[in-house]
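Please take a moment to look over the sequence and the model before reading on. The paragraphs that come after are meant to be followed with the structure in view.

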Amino acid sequence: MNWSQILSNSLYAAFNATAIGFCLAAIGLNVHFGYTGLLNFGQAGFALVGAYSIAMPVHIWHWNLFACIPVLIVMSSIFALLLGIPTLRLRADYLAIVTIAAAEILRLLVSTPRWVKTTGATDGLQNFTGDFRNSIPFDRPRFNFWKTPITNYDLWVMICGWSLVAIFSVLVWALIRSPWGRVLRSIREDEDAARSLGKNVFAYKMVSLVLGGVIGAFGGAMLAIGNQSANPITFKTELTFFAYVIVVLGGVGKVKGPIIGAMIFWMVISFTENFLAGATDGKGFDLPTWLVDNKNFGFVRFLMVGLGLVVLVVFRPQGIFGDKREQAFDVR
Amino acid sequence: MRLNTARLFDGLGGNLTRTRLRRALQVLLAACAFFALTGGTAHADEQTLQVRVQDASETKKVPVEGVHVVVTDASGAVVAEGDTDEKGIAKITVPSDGQFTVTVDTSTLPDGLTIPDGEESRTVNVTAGLGGNAAFNLGHSGPTAASKASLFPKAVFNGIRFGLVIAIMSVGLSLIYATTGLSNFAHAETVTLGAAMTWTFASWFPLSDAAGGWGAFGTLLFASVLGIGTATLFSGGLELGVWRPMRRRGAGLTAMMIVSIGIAIFVRFAIQFRFGSQPKSYKQFASQTNLNWGPIGVTPRDLAGAVLALVVLLLIAGMLMYTRIGKAIRAVSDNPDLASTTGINTDKVILTVWLLGGALAGLSGVIFGLDEQVQWNMGTRLLLLMFAAITLGGLGRPFGALIGALVVGIFVQLWAWWFGNFTDLKNIGALAGMILVLLFRPQGILGKKERIG
């Protein structure tokens with residue numbers, strides 16, 4: 001087993017496109033869940049809208065990739081409005097069930113072979129990243145991230161992606177400490193009290209849903225650009241719950257929470273999978289095959305996510321760096 | 001200029017042209033498909049064109065064997081032909097690289113499968129050294145217009161059967177919601193656990209391998225007692241080990257709901273980890289011939305499942321209406337505090353509900369596993385339909401859940417009947433219907449008219 005290679009890969013996993021995509025999805029979720037107390041279980045749907053709103057115009061009409069960014073913002077806002085109008089007046093768990101159902105509906109719609117020419121069905125869409133590739137400023141084609149070889153494309157994804165993370169984090173930080181953000185947090189703490197002070201709770205929740213949804217859509221777009229593929233498998237319900245683990249891990253209701261959470265989350269997942277890959281390959285040190293083998297070690301990440309979610313919420317709901325007073329659990 | 005993979009990768013300090021080529025190659029490799037690479041002139045070397053035909057009507061693609069594909073060149077002349085193997089792949093040797101058209105012979109498709117209009121043929125670029133590939137995704141063919149009407153009674157009947165199965169799971173989920181306020185996402189895994197453990201016990205202790213007969217029946221009965229028992233213990237164990245301590249600590253419902261999702265993910269993938277990803281049938285009951293009554297055909301096992309589901313539902317309804325514990329459950333779901341002041345042991349009632357819910361979920365898993373197959377994600381696929389059923393019926397109303405489940409079941413089957421071509425979309429109708437009901441009647445069909453929010 002090559003430990004320095006495993007460590008290098010795990011460290012890279014804290015910074016690569018997947019970490020960026022999940023970090024953005026978690027920032028959006030933090031706006032919904034952490035600051036407003038909205039139980040959005042459909043962040044995968046927002047990410048899917050983001051990925052397909054940049055992939056489909058390029059695929060169908062050969063638009064420039066960067067010209068699709070307004071499409072992404074408009075489409076994810078529309079999705080948020082469609083979800084919010086029927087459910088934001090209802091109890092919190094109605095929103096949860098409607099958002100998870102809506103995310104599944106979207107995923108089924110893009111997976112069906114009926115519209116394979118438009119959506120690529122289960123294979124997804126691939127060749128839409130040409131404009132992003134042409135914008136790479138480096139001549140050198142290959143770089144090394146410690147011991148992990150990466151291409152200039154990966155590096156450019158990382159630079160653009162973390163810039164987006166920085167922009168949205170500053171935006172969220174500024175909004176949350178504004179009077180508007182204080183109203184959001186008061187809705188999270190006590191919706192009726194906020195309403196009795198004359199605040200239009202529905203409108204505040206709706207703006208929060210749109211804002212977090214747009215950020216989540218950017219996350220989906222970064223995942224698609226990073227994988228060079230907009231694929232329905234990426235946007236299963238698991239994406240939403242990975243994002244929940246990330247938010248809770250880093251600290252609910254903290255600006256830096258999703259960033260730290262995403263980095264730690266993907267570092268741990270990548271380390272485990274790299275280790276298990278090395279420990280099941282039949283060379284050198286191997287774990288017994290009745291325990292884990294090279295066919296099923298890929299499921300271990302889901303076991304860790306499930307267990308992690310339970311343990312965190314039960315024993316440390318404020319996350320690693322969170323503040324116990326700033327958590328969205330136990331509101332209702 | 002001939003493209004050569006070995007040359008493309010040699011050295012890192014390549015000149016501009018090489019860099020471009022390498023970029024082009026990265027796009028190709030990453031996309032796993034070979035688009036628009038026209039760098040090479042026609043070459044006389046033989047190339048391999050890999051054609052994949054699969055049934056994409058379900059979430060998991062199934063390879064389709066024995067489909068005849070024809071490859072023609074730009075002038076329309078046939079250059080090669082082939083049939084797909086058991087992996088759904090036909091490896092066809094074409095005389096050169098360049099552009100070819102791959103056409104599926106639709107007459108060789110298996111019954112019930114069809115290819116979407118305009119998708120029968122596809123143009124493929126075959127590249128020297130890399131070959132080329134083409135994938136064809138099939139869907140389920142819809143019945144012809146004449147036979148469609150005659151299939152309507154069958155669709156309704158299947159809808160009722162499906163609805164009854166969903167009803168057993170939803171009643172448990174609804175009772176849990178009514179007494180504890182928790183939307184239990186792990187209920188889906190209780191369903192899967194019941195079915196998967198029954199399958200495991202049946203394969204450990206087979207009394208008989210024969211299809212049908214008392215030996216097969218005894219095997220299934222014995223295994224399902226153990227399997228449903230596992231689901232019951234799982235559900236009750238969660239109440240004792242997780243939910244009761246959390247309630248004592250004053251944890252909120254949001255936290256509990258997220259914990260239930262964590263448990264669901266853990267158990268679902270633990271089942272996949274141990275049980276495997278492939279769907280499995282209860283082998284003694286895997287193939288049965290239909291009993292035919294006019295337009296409706298049903299296998300004895302599915303008919304027995306539906307009758308059993310109906311009987312169980314009537315028993316549950318009777319229990320809730322007339323027995324002491326049933327009245328206590330209704331009292332706790334109406335108002336836990338008031339129930340506990342009248343001397344009802346709410347913890348005991350809630351534990352009963354979890355055990356009952358687990359047993360019902362396990363039973364429905366076995367019935368559904370008999371009807372279709374046992375798979376690690378079978379419960380998850382039904383979870384949203386369960387939520388749709390209990391939302392339609394009014395959250396926390398067990399009788400509402402029953403009616404909601406029948407509506408969902410019939411709606412799903414009728415949707416599949418109407419849009420026969422793409423039955424993979426059948427769940428969309430029920431989910432979209434649920435959202436629409438929330439828009440216009442948020443309290444559901446049987447829900448109390450009160451302000452929810």
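What follows leads through chain A and then chain B.

This is a predicted model, in which local features need pLDDT of at least 70 and side-chain atom pairs count only at pLDDT 80 or more, while totals for chains, interfaces and linings use all residues. Residues are numbered from 1 along each chain as its sequence is written, and chains are lettered from A and ligands numbered from 1 in the order in which they are written.

Chain A contains 14 helices and two strands, where helices (H or I, at least four residues) and strands (E, at least two) are DSSP runs numbered from the N terminus. Its radius of gyration, taken over C-alpha atoms, is 20 Å, close to the 20 Å that the globule rule (2.2 Å times the number of residues to the power 0.38) gives for 332 residues, so chain A is as compact as a globular protein of that length. Along the principal axes, the C-alpha atoms of chain A fill a box of roughly 65 × 50 × 40 Å.

Of the 332 residues in chain A, 53% are buried, a term for residues with 20 or more other C-beta atoms within 10 Å of their own, the C-beta atoms being placed from the backbone.

Chain B has 14 helices and 11 strands, and 44% of its 453 residues are buried. An automatic or database domain assignment divides chain B into domain 1 (1-32), domain 2 (38-140) and domain 3 (146-440). The C-alpha centres of domain 2 of chain B and domain 3 of chain B are 42 Å apart.

Notes:
A residue is buried if 20 or more other C-beta atoms lie within 10 Å of its own, exposed if 12 or fewer, and partly exposed in between; C-beta atoms are placed from the backbone.
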